[in-house]
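Reader: I have a new structure to read. Please take me through it one feature at a time.

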Amino acid sequence: MSEENPQPEASTSTSASTSSLIAPEPVPAKLKVADKWLKPNGPPVGSTFGARLLDDEKDVFEHNAWDHVTLPEDFKLKAEEIMELHRSSPVAENLRDGYNSKPEHYWNKFYSNHEDGFFKDRGWLRLEFPELVECSEADAGPKIVLEVGCGAGNTVFPLLMRNENPHLQIYATDYSKKAVEVVKSNKMYPRAEHGLGELHASVWDITSKPSTSAGEQNTFNSTEEELDLSKLELSDKKTYSLPEGIQPGSVDVISVIFVLSALHPREWDQAIHNLYTALKPGGLLLIRDYGRHDLAQLRIKKNRLLDPETPNLYIRGDGTRVYFFEKEELEGMLVKPPTLTPTIEGEAEERQKMFEVLQLGEDRRLIVNRKEKKQMYRIWLQVKAKKL
C-alpha cells in the first residue's frame with residue numbers, strides 16, 4: 001500500500017483482500033448558496049443571464065422571448081420618430097415642479113396601492129450579481145450589503161432567505177416610507193427562520209445632502225449652485241448623507257436596481273457621491289436600470305416628457321419619474337473625480353476617479369407576441385464598478 005493512502009490493518013487475510021476491493025464512499029460535495037437558487041430546468045450555475053439565443057430568424061415565433069438580440073436596422077429611426085412626438089407634447093410647465101419637489105409622495109402612493117403584492121423573488125440575482133450571493137456563503141465572514149431602493153424587498157428577502165452566513169448584515173433603504181413599512185411587516189424581518197444574518201430597514205433618500213436630518217426627505221432644488229458638490233461646506237469635512245447604521249467606508253456591496261432612473265439628472269452627482277462614501281475601498285457597486293429606447297419608453301404616451309430640456313426623463317401614469325440611460329451616462333457619473341472626501345481616520349484625500357468600471361453592458365431582449373405576431377424589445381443596462 002502506498003504511504004500516502006494508509007489503510008487500517010485487517011484482522012484476517014480474508015477481510016484484508018475484501019477491503020481492498022471496496023471503493024470508499026464518495027463524500028457528497030457541499031452545495032453552495034448559489035446552487036440553492038436554481039429553479040427546476042433553469043440554467044446551471046455559471047451560466048450568463050439569457051441563455052435563449054435566436055440563431056435563425058425563421059424561429060422567432062417559437063418562443064416568447066429571446067436574449068442578447070441585435071436590434072433591427074430601422075429600430076433607432078422608428079424610436080426617434082416616437083421621441084419627436086414626446087418632445088412635441090411635454091408635461092405642462094405649471095405641473096413640473098409638483099412632480100419634482102416630492103417624488104417620495106408618488107412612491108408612497110404606489111406602495112400603498114400594491115403593498116406586498118408587488119413582491120417578486122429576483123431569482124436572476126445569482127446569475128447577474130453573483131457577488132451578492134457570495135456574501136451569503138457560510139464561510140464569507142463579516143459582510144455588509146446595502147440595497148438602495150429596496151421597494152417591497154425583492155432583493156433583500158431572497159438573499160436573507162437563502163443566507164448561510166451568520167455574520168451577514170443587510171441594510172434595506174427606500175425614500176418611500178410606505179415601502180419600508182412593507183419590508184418591516186414581512187415575517188422574515190429582521191431575521192429569517194434559520195436565524196442567520198440580520199436585516200435592517202430605514203427611510204433614506206439617496207440624493208440627500210448632509211444638511212438633511214435623519215428620516216427627512218431631500219427637497220429638489222433646480223439651481224445649479226445648490227446642486228454643485230464643490231460648493232458644499234467642507235469645514236466640517238462632511239459632504240455626504242448615509243443611511244441609518246451605515247458608516248463611511250464600511251459597505252462591501254451596494255445594489256442599486258432600477259433606482260437611478262427615478263432621479264432627476266441634477267441629483268445624480270450627490271447620489272453617486274453618497275454611495276461612493278458608503279463603500280469600503282474595493283467595494284462593489286451593482287447597477288441595473290432602463291436603457292435608451294426600451295419598450296417602456298417607446299410605449300409612453302404624450303404629455304409625459306417631464307421637461308423638453310431634459311430628454312428621456314418622464315412621468316408615469318402614477319406620477320413616479322423614470323429616466324432611460326445611455327451606457328456613456330452611467331459610466332460618466334462613476335469615473336468622475338471624487339469631491340474632497342474624508343477617510344475613516346478623518347483625513348481628506350483626492351483621487352483621480354471614484355470607480356473602476358468592471359462591467360458595462362446592454363441587455364437586449366426580444367419579447368414576442370406569438371398570437372399577434374408582434375416583436376418588442378426590452379433594453380436594460382448593467383454596471384459593476386469597484387471603488388478605488
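Reader: Which residues of α10 are buried?
Author: Start with the rule: buried means under 20% relative accessible area, exposed over 50%, and partly exposed in between, with a 1.4 Å probe and protein chains only. In α10 the buried residues are Trp268, Gln270, Ala271, Ile272, His273, Asn274, Leu275, Tyr276, Thr277 and Ala278. That is 10 of its 11 residues, and the helix is mostly covered. The names come from DSSP runs numbered from the N terminus: helices are H or I with at least four residues, strands are E with at least two.

Reader: What am I looking at, and how are residues numbered?
Author: This is a predicted model, where local features need pLDDT of at least 70 and side-chain atom pairs count only at pLDDT 80 or more, while totals for chains, interfaces and linings use all residues. Residues are numbered from 1 along each chain as its sequence is written, and side-chain values use heavy atoms, with hydrogens and water left out.

Reader: How do I read a nonpolar core?
Author: In soluble globular proteins, nonpolar side chains tend to be buried together. A nonpolar core is a set of buried Ala, Val, Leu, Ile, Met, Phe, Trp, Tyr and Cys residues joined through side-chain atoms within 4.5 Å. Here the largest one has 39 residues, and Ile254 and Leu260 touch the most other members. Two or more residues each come from β2 (143-148), β5, α10 (268-278), β6, β7, α12 (327-334) and β12. The largest share is from α10, with 6 residues.

Reader: Which residues does isoleucine 254 touch?
Author: Contact means heavy atoms within 4.5 Å. Leaving out residues up to four places away in sequence, isoleucine 254 touches Leu146, Val148, Leu275, Ala278, Leu279, Leu284, Leu285 and Leu286.

Reader: How do I read a sheet?
Author: Strands of a sheet pair through backbone hydrogen bonds, either parallel or antiparallel. Two strands count as paired if DSSP finds at least two bridges between them. Here 8 strands form an open sheet, in the order β1-β11-β12-β6-β5-β2-β3-β4, with mixed pairing. At the edges are β1 (65-67) and β4 (198-203), and each pairs on one side only. From one strand to the next, the twist averages 15°.

Reader: How many bridges join β5 to β6?
Author: There are 6 bridges between β5 (residues 251-257) and β6 (residues 279-290), and the two strands run parallel. Isoleucine 257 stands opposite arginine 288 in β6. Strand β6 is mostly covered, with 9 of its 12 residues buried.

Reader: Which strands does α8 lie across?
Author: Helix α8 (residues 177-184) lies across β3 (168-174) and β4, running at about 160° to β4. Axes are lines fitted to C-alpha atoms, for helices over the stretch in contact, and angles run from 0 to 180 degrees between N-to-C directions.

Reader: How do I read a salt bridge?
Author: Side chains of opposite charge can pair when their charged atoms come close. The cut-off is a side-chain nitrogen of Lys or Arg within 4 Å of a carboxyl oxygen of Asp or Glu. The whole structure has 17 salt bridges. One of them joins glutamate 84 to arginine 87, with the closest N and O atoms 3.0 Å apart. Both lie in helix α2 (residues 75-88), 3 residues apart, about one turn of the helix. Glu80, Glu84 and Arg87 are linked in a network of salt bridges.

Reader: Why does glutamate 84 count as partly exposed?
Author: Because its relative accessibility is 45%. Arginine 87 is also partly exposed, at 32%.

Reader: Which salt bridge links distant parts of the chain?
Author: Glutamate 131 and lysine 384 meet at 3.1 Å, N to O. Glutamate 131 lies in helix α6 (residues 130-134) and lysine 384 in strand β12 (residues 374-387), 253 residues apart. Both are buried.

Reader: Where does threonine 320 lie?
Author: Threonine 320 is in the loop between β7 (313-315) and β8 (321-323). Threonine 320 counts as buried because its relative accessible area is 1%.
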